[in-house]
Amino acid sequence: MTTTTRTDAPPEATAGAPRIGLILTSLVLAIVPIQLDGLVAATAAPTIAGELGGFASIAWIVTTYLLTMAVGTVLAGRLGDMFGRKRLLLLALVVFFAGSAWAGLSQAMGELIVARGVQGLGAGMALTTLLAVVADVAPPDKRARYSAALGAVAPFSMIIGPWVGGIVTDHLGWRWIFLLNLPIVAIAIAGAALLLRLPAVGRSGRIDVGGLAAVSVASTGIVLAVTWGGHEYAWVSWPVVGAALVAAAAIAALVPIERRASHPVLPPDLFRNRAVVASIVVMFFGTGAVLMGAMNYLPLYLQLVQGRSASSSGLLLLPLLLPAIAVAMVTGSWTTTPRRFRPAILAGTVVLVVACGLLATMDAGTSTWVAAAYMVLAGAGVGFLFQTPLVLVQNSSPAREVGAATGAAQFLRTLGGAIGVGALGTVFTGTVTRHVDAALAGGPSGAGSSGPDVASLTPEQLGTLPAAAREAVTSAVVAGSSAMFWVAAAGASAAVVAALLLPRVARTAATPAK
């Protein structure tokens with residue numbers, strides 16, 4: 001079976017190589033602070049709470065940003081199709097600029113949280129629009145290559161984000177985490193205003209207000225449920241169950257709303273396209289749930305079992321992230337013909353399953369080099385999947401729907417990451433808690449009937465524990481990591497099934513239907 005890709009892009013929607021290079025530079029300048037701000041603020045959160053007060057609200061500094069970012073991704077997709085992506089990109093960057101300035105000047109925790117919401121909205125809108133602009137300015141055979149360049153910014157940000165946050169907070173103060181965005185975003189705004197030459201788009205139809213409201217409520221409920229569950233509240237508690245029920249009700253309402261809307265934010269036709277659905281499933285599990293789960297919990301194994309330093313948590317993940325960047329760039333250059341998308345995506349999902357299985361076998365005797373080799377393999381799998389499924393979604397959508405398709409894919413990848421962190425975190429912490437409590441319950445007097453808080457334990461603190469407690473924590477973290485990666489392997493296996501369902505050839509103008 002074949003799937004028709006975009007063939008109706010107007011000729012003037014593409015640009016020559018020199019102009020594309022300049023445009024790409026301005027887009028990278030825009031995407032760097034957007035990606036960094038989801039990470040650097042977490043590093044500075046304790047300092048911020050200490051100065052502004054409100055330690056009880058500290059998690060909302062990051063959660064609010066992620067919530068409004070998820071809403072912004074799907075909001076921008078349809079609005080860009082209706083009103084033009086250049087204007088929307090400039091608006092999104094201005095909103096992010098304003099939110100950054102407000103956050104840097106905030107005088108109270110509540111004010112900062114609202115400012116972070118504004119930042120996140122602008123970030124989500126800008127991120128989706130940036131990725132859709134690549135589909136406008138680059139020809140289909142080069143789209144994967146240029147998208148890979150933007151996609152490499154994400155793992156790069158994951159590497160340097162915590163380190164940058166710590167350095168800026170220690171030497172300049174936490175406010176400069178946000179204020180340093182201003183000159184970078186200003187240059188990006190100027191570059192987009194001067195360089196982007198996109199076809200004019202006239203307003204047609206009504207904005208899907210009902211769909212936007214339902215998507216916003218659903219994403220808020222899902223993110224809150226997986227953020228609260230197992231951390232602030234028990235999974236079976238009224239706040240978590242209530243958030244999940246609200247999300248379910250919003251999803252149920254979304255289906256009839258989108259069927260009636262003239263310009264739905266999540267077009268039902270997209271979800272009848274096998275290539276689009278399969279690609280989104282791959283993104284949801286591969287670069288959403290599995291990657292974000294590994295990013296959040298691998299450092300605990302590396303610190304508490306292998307005794308690695310936690311001074312810069314991003315550096316612990318270099319064996320995972322550097323191969324991801326390299327493979328993403330190579331894959332982007334290789335996927336220049338429709339026949340190559342399915343093999344690249346299938347290879348990435350299979351490698352990811354194998355890597356998760358190997359990571360699940362690590363124990364206290366696993367050497368640093370072996371663990372690094374497993375992480376390199378996982379990074380290679382992720383690299384195949386960073387942008388390739390998204391480009392296939394864009395290529396498989398008509399020009400009038402490419403923004404909505406990009407927004408839907410980014411939105412579901414974001415939700416996949418949030419759900420992955422919550423679900424895999426529950427598996428990890430639940431396993432660790434059970435093993436620590438079981439090991440120490442019958443231990444020597446004074447060991448205590450319950451273990452220490454592993455999530456906040458450093459290698460130095462681990463060394464101060466009694467021998468029984470130290471051994472219990474180490475073996476529990478090994479068990480928790482193993483259980484988590486076996487579940488991650490199951491999620492990656494779902495991505496393999498989706499990859500197998502991809503059409504063998506996605507047709508372009510160069511490969512006419514037979």
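Reader: Where is S279 found in this structure?
Author: S279 is found in helix α11, residues 274-304. The model is a predicted one.

Reader: Why is S279 called buried?
Author: Its relative accessible area is 0%. Buried means under 20%, so S279 counts as buried.

Reader: Which residues is S279 in contact with, leaving aside its neighbours within four places in sequence?
Author: S279 is in contact with P389, L392, V393 and L502.

Reader: How many aromatic pairs does a search of the whole structure find?
Author: The search finds two.

Reader: What makes the pair of W174 and F178 edge-to-face?
Author: Start with the distance. The ring centres of W174 and F178 lie 6.2 Å apart, and the limit for a pair is within 6.5 Å. Then take the planes. They stand at 80°, and over 60 degrees counts as edge-to-face. The pair is therefore edge-to-face.

Reader: Why is the pair of F284 and F285 called edge-to-face?
Author: The centres of F284 and F285 are 5.2 Å apart, with the planes at 75°. A pair needs centres within 6.5 Å, and edge-to-face needs planes over 60 degrees apart. So the rings of F284 and F285 are edge-to-face.

Reader: Are W174 and F178 buried or exposed, and how do you know?
Author: W174 has 2% relative accessibility, and F178 has 0%. The cut-off for buried is under 20%, so W174 is buried and F178 is buried.

Reader: What makes F284 and F285 partly exposed?
Author: F284 has a relative accessible area of 22%, and F285 has 25%.

Reader: Why are α9 and α10 called roughly antiparallel?
Author: Helix α9 (residues 209-228) and helix α10 (residues 238-260) pack at an angle of about 155°. Angles over 145 degrees count as roughly antiparallel, so that is the term for α9 and α10. Their axes are 8 Å apart, and their crossing is left-handed.

Reader: Which residues meet there?
Author: Among them are G210, A214 and W228 in α9, and P239, A243 and E258 in α10. The contact of α9 with α10 divides into 18 nonpolar, three polar and one charged.

Reader: What is W60 in contact with, leaving aside its neighbours within four places in sequence?
Author: W60, found in helix α2 (residues 60-83), is in contact with L67, I113, L224 and W228. L224 and W228 also take part in the contact of α9 with α10.

Reader: Why does W60 count as partly exposed?
Author: W60 has 25% relative accessibility. That falls between the 20% and 50% limits, so W60 counts as partly exposed.

Note on methods:
Residues are numbered from 1 along each chain as its sequence is written. This is a predicted model: local features need pLDDT of at least 70, side-chain atom pairs count only at pLDDT 80 or more; totals for chains, interfaces and linings use all residues. Side-chain values use heavy atoms; hydrogens and water are left out. Rings of Phe, Tyr and Trp (its six-membered ring) pair if their centres lie within 6.5 Å; planes under 30 degrees apart count as stacked, over 60 as edge-to-face and the rest as tilted. Buried means under 20% relative accessible area, exposed over 50%, partly exposed in between (1.4 Å probe, protein chains only). Axes are lines fitted to C-alpha atoms, for helices over the stretch in contact, and angles run from 0 to 180 degrees between N-to-C directions. Helices (H or I, at least four residues) and strands (E, at least two) are DSSP runs, numbered from the N terminus. Angles under 35 degrees count as roughly parallel, over 145 as roughly antiparallel, 65 to 115 as roughly perpendicular and the rest as oblique. A crossing is left-handed if the near helix is turned anticlockwise from the far one by less than a right angle, and right-handed if clockwise. Contact means heavy atoms within 4.5 Å. Ala, Val, Leu, Ile, Met, Phe, Trp, Tyr, Cys and Pro count as nonpolar, Asp, Glu, Lys and Arg as charged, and the others, Gly among them, as polar.
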